[in-house]
Amino acid sequence: MECLCAETFLEGLSTDMSELHISADNDGRRVDRVLRTLWRDVPLGAVMKAIRTGEVRLDGKKTKGDVRLSEGQILTVPWNDAEYSGRRTAMENELPKQSTKKTPSLSTLYKDDYVWIVNKPAGLLVQPDKAGGDSLIARALAELNWTRRDFCPATVQRLDRNTSGAVMIAMTGAAQRHLAELIRDRAIRKIYIAEVHGITDDGGRIDIPLSKDAGINKVRPDSEGMPALTIYKRTAVRGDKSLIEAELVTGRPHQARAHLAAIGHPIVGDIKYGGKGAKRPLLHAYALIFPDDPTLPKELQCRTITAPVPHDLQKYAKDVNGR
């Protein structure tokens, strides 16, 4: 994809940050959601009040928060008032800080104008934890030399910091919404590999609802929690450990880690869930399997994209790749 320049930035957002020219990336999105996406630092109450009092205008007229935007329209906002003049937009928070240090390039598994699939290394956050911080998306934006403020390529699924493997970055707003819908409908299959303690059954289904304790960032089985389903099969045994291939049918936080621990087979290295013996949880997002869907780019229909097995799982590489 070509790098975008300042002219593209001006097509999306005027220099005083008061007029948003609706591009194809925001076509079909609700007014309130676009405002909340682009100006997350502006209090929700202030956003809703500005809509209610008519300070937010669409093509010069009052609008409602649930109105769907169309490409070519102009959305006017009051955020250039002194109260908000020093605030950064959400997109600016994701842009990497200017530095003389070269940003590491991402390992590309597949790329077109629709989606960029990269192999995330263990230890790298998907999203920055502070403005200008290092992350997969910050590296992607730096590599693209991205300058627009009305839209940024975004990941449509997340991996934990210490989980490696395939991550999808939607390159347009339409692609982001489409891929998110396919994931919600479970049309895109997500296959992981993991080394776990103990000798597992040949395979099975782990159908255990999960709840997350945000205070300690840990997930636990809970009969009243969110439904969660993992299907796994054992592909190799080495000593008292197993290599398993797991399909996360649902996509709950820490799902593979919590589910495998719940059946007595925590992931090696996953200290939080009872594992040990490695510097990080040995969990790798190995494959994304795309459906036979005519709305996808032809090159992705019925295609499987795989991420090479990382070094700390290389002892099992033959078993995984030689299926």
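Visitor: Which residue in β13 does Gly-203 stand opposite?

Guide: The model is predicted: local features need pLDDT of at least 70, side-chain atom pairs count only at pLDDT 80 or more, and totals for chains, interfaces and linings use all residues. Residues are numbered from 1 along each chain as its sequence is written, and side-chain values use heavy atoms, with hydrogens and water left out. Strand β10 (residues 203-207) pairs with strand β13 (residues 229-238) in the antiparallel sense over five bridges; strands (E, at least two residues) and helices (H or I, at least four) are DSSP runs numbered from the N terminus, and two strands pair if DSSP finds at least two bridges between them. Within β13, the residue opposite Gly-203 is Lys-233.

Visitor: Which residue in β14 stands opposite Lys-233?

Guide: β13 also pairs with strand β14 (residues 241-248), in the antiparallel sense and over eight bridges. In β14, Lys-233 faces Glu-245.

Visitor: What is the phi of Gly-239 in the turn between β13 and β14?

Guide: β13 and β14 form a hairpin with two residues between them. Gly-239 lies in that turn, and its phi is positive, at about 65 degrees.

Visitor: Is Arg-280 buried or exposed?

Guide: Arg-280 is found in the loop between α7 (255-262) and β15 (283-289). Buried means under 20% relative accessible area, exposed over 50% and partly exposed in between, with a 1.4 Å probe and protein chains only. The relative accessible area of Arg-280 is 7%, so the residue is buried.

Visitor: With which side chain does the side chain of Arg-280 make a polar contact?

Guide: Arg-280 touches Ala-122, Asn-162, Thr-163, Ser-164, Val-268, Gly-269, Pro-310 and Asp-312, not counting residues up to four places away in sequence; contact means heavy atoms within 4.5 Å. A polar contact is a pair of N or O atoms within 3.5 Å; within protein, one must be able to donate a hydrogen and the other to accept it, and residues adjacent in sequence count only if both atoms are side-chain atoms. At 2.8 Å, the partner of the Arg-280 side chain is the side chain of Asp-312.

Visitor: Is Lys-279 buried or exposed?

Guide: Lys-279 also has its place in the loop between α7 and β15. Its relative accessibility is 88%, so Lys-279 counts as exposed.

Visitor: How many disulfides does a search of the whole structure find?

Guide: A disulfide is a pair of cysteine sulfur atoms within 2.5 Å. Cys-152 is buried at 3% relative accessibility, whereas Cys-302 is exposed at 51%. The number of disulfides found is zero.

Visitor: What is the geometry of the aromatic pair formed by Trp-146 and Phe-151?

Guide: Rings of Phe, Tyr and Trp (its six-membered ring) pair if their centres lie within 6.5 Å; planes under 30 degrees apart count as stacked, over 60 as edge-to-face and the rest as tilted. A search of the whole structure finds one such pair. Trp-146 is buried at 5% relative accessible area, and Phe-151 is buried at 4%. The ring centres of Trp-146 and Phe-151 are 6.3 Å apart with planes at 70 degrees, so the pair is edge-to-face.
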